[in-house]
Amino acid sequence: RLHLVTWNVGTASPPPDVTSLLQLNSLGPAMDMYVIGLQEVNSSITNFLSDLALDDPWSIFFMTVLSPLGYIKLSSIRMQGLLLLIFVKHVHLPFIQGIHTQYTRTGLYGYWGNKGGVSIRMSLYGHMICFLNCHLPAHMENTEQRLDDFEKILEMQFEGKNKPSPLDHDVLFWFGDLNFRIADYGIHFVRESINNKRYNLLWEKDQLNMAKKTEAFLKEFLEGPLQFKPTYKFDLYSDEYDTSEKKRKPAWTDRILWRVKNLCQDVSKEEEFSEEEQTISVTLNNYVSHMSYGISDHKPVTGTFGLEMKPLLLVPLVMLNPEGEWSAEHDVIIRYSTVPEFPSSAWDWIGLFKVAFKHVNDYVTFAWVEDDEISSNKDSKQVYMSAAEIPNMGGEFFLCYYSNNLQSIVGISKSFQIQPSRTSIEKDLTQEENSWMQKPDSLELHDAS
């Protein structure tokens, strides 16, 4: 279950609430993954330099919303105003590998990143998935420039042995402010069609729909029906289309498309194959805009998908467990085992994370798997963590194994409790006693008043 968001936020700050945008009140099962693509994130010099040192406000905002619900920020990439974030449920972490990011500038002939694409690729249960967030050139007359820029973005290569392009992946999701407009029809006809909810009258003159019929590289991309109002251009904090002097013609600039690579493309046309041989399929469950958000002149668009796949990766590369009772009273032991082909490294580490951790660097403490090793045999190894590093207050935690070679978490324990130390318990009791002793005075003052 994948929920994908695209939103041109027009340099605005995050809104107070994104419950409906992320469908957090949905009655159905929780999402497994959130993919959030933003355009025009504030990239002024002051903001951008600050964001290089720290996470940008949008990343912090979504982490704050999603981490208490059991999602970790898996990866992100930023290029000026373009931002792509991926959040995933903890349970899937050991089955996601080969995470790589890439960007392509297309502004000012490729020298400026105000336009272009940012992407994240990964192996998900053994299937190669790519997410591509684009911001293409604006204005009605620039259709050919938009198509040329997208072709250039599709040619970008990820790092790695085989240097795959986005089209080499089993599934490619393409989304963003693609800036395609509604051609030929005048503004009055377009607005009248929208007011009467006769969107189908406008589909055939949508520049992207027209291009998909003529451009070979677009024909394999799929999109859900545009059964929502064009998402551009609105007055701020309003459902009214542009009332300024320019009176921009409404358009479906904000789009979500996908492409499933033909996994049987090497089979000759004469051979028949059953649907069961298709190891991955994508189903669009919902494709909507969200009119209640007014911080920019674009409305956000979301697509909710079902990814059905035959798992090619069934067992985590690393299994790990806490040994015995954990508290800050004594050093603690971690036992772990790996599959035979696991590419271990001296730089691998095991981190202790709170249950609501936000990203891979949000650990409480960690142990090096080699430097802190205390025993080893053919079946498993043990490492220790110092009592001085264990949180005195206790609580619920995970252990995660981070692979330096794979640049990802490849094993995660079940959640477990760390007992509070005697010192912290005694401190809490003392604080309660002090608080209780102060209560009569406060009551007397209250009565006297």
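## Exposed and buried

A residue counts as buried when its relative accessible area is under 20%, as exposed when it is over 50%, and as partly exposed in between. Lysine 197 has a relative accessible area of 65%, so this residue is exposed. Its place is in the loop between helix H4 (187–195) and H5. The model described here is a predicted one.

Lysine 197 has another feature to look for. Its phi is near 55°, a positive value in a residue other than glycine.

## Other backbone features

Histidine 139 also has a positive phi, of about 80°, and is not a glycine. You can find histidine 139 in the loop between strand S7 (127–135) and H3. Its relative accessible area is 35%, so histidine 139 is partly exposed.

Now look at tyrosine 232 and lysine 233. The peptide bond that joins them is cis, with omega at about 5°. Lysine 233 sits in the loop between strand S9 (222–223) and S10.

Strand S3 covers residues 71–79. Eight of its nine residues are buried, so S3 is mostly covered. Its partner is strand S4 (residues 82–89). The two strands pair in the antiparallel sense, over eight bridges. At one of these places, methionine 79 has leucine 82 of S4 as its bridge partner.

S3 and S4 form a hairpin, and two residues lie between them. Glutamine 80 is in the turn and has a positive phi of about 50°. When you trace a strand, keep one general point in mind. In a regular strand, side chains alternate between the two faces of the sheet.

Strand S12 runs over residues 301–309. Eight of its nine residues are buried, so the rest of the structure largely encloses S12.

Which strands are joined to S12 by bridges? S1 is one of them: five bridges join S1 to S12, and these strands run antiparallel. Histidine 3 stands opposite threonine 304 in S12. Strand S11 (residues 280–289) is also joined to S12, here by nine bridges. S11 and S12 run antiparallel too. Serine 289 stands opposite valine 301 in S12.

## Salt bridges

How many salt bridges does the count come to? The count is eight. One of them links arginine 1 with aspartate 32, with the closest N and O atoms 3.5 Å apart. This pair links distant parts of the chain, 31 residues apart. Arginine 1 is in the segment before strand S1 (2–8), and aspartate 32 is in the loop between S1 and strand S2 (33–39). Are these two residues buried or exposed? Arginine 1 has 43% relative accessibility, so it counts as partly exposed. Aspartate 32 has 18%, so it counts as buried.

Another salt bridge brings together the side chains of arginine 255 and aspartate 206, at 2.9 Å from N to O. Arginine 255 lies in strand S10 (residues 254–260). Aspartate 206 lies in the loop between helix H5 (200–203) and helix H6 (207–214). The pair therefore ties together parts that are 49 residues apart in sequence. Both arginine 255 and aspartate 206 are buried.

Arginine 335 and glutamate 323 also meet in a salt bridge, at 3.2 Å from N to O. Arginine 335 is in strand S15 (residues 332–338), and glutamate 323 is in strand S13 (residues 318–323), so the pair ties together parts that are twelve residues apart in sequence. Arginine 335 has 30% relative accessibility, so it counts as partly exposed. Glutamate 323 has a relative accessible area of 29%, so it is partly exposed. Salt bridges can also share partners: Asp206, Glu223 and Arg255 are joined into one network in this way.

## A negative patch

Which residues form a negative surface patch? They are Glu144, Asp148, Glu151 and Glu155. Glutamate 144 lies in helix H3 (residues 143–154).

## Tryptophan 349

Tryptophan 349 lies in strand S16 (residues 349–354). Its relative accessibility is 11%, so tryptophan 349 counts as buried. Tyrosine 402 is 53 residues from tryptophan 349 along the chain.

Key. Residues numbered from 1 in each chain as written. Predicted model: local features only at pLDDT ≥ 70, side-chain atom pairs only at ≥ 80, totals over all residues. Heavy atoms only, no water. Patch = residues over 30% accessible without salt bridge, like charges linked within 9 Å, V, L, I, M, F, W, Y side chains within 5 Å. Areas by Shrake-Rupley, 256 points an atom, 1.4 Å probe, with all protein chains shown as cover. Salt bridge = Lys/Arg side-chain N within 4 Å of Asp/Glu carboxyl O. Lys, Arg positive; Asp, Glu negative; His and termini not counted. Charge placed at Lys NZ, Arg CZ, Asp CG, Glu CD. Helix = DSSP H or I, 4+ residues; strand = E, 2+ residues; numbered from the N terminus. Buried < 20%, exposed > 50% of the residue type's maximum accessible area, 1.4 Å probe, protein only. Pairing = 2+ DSSP bridges.
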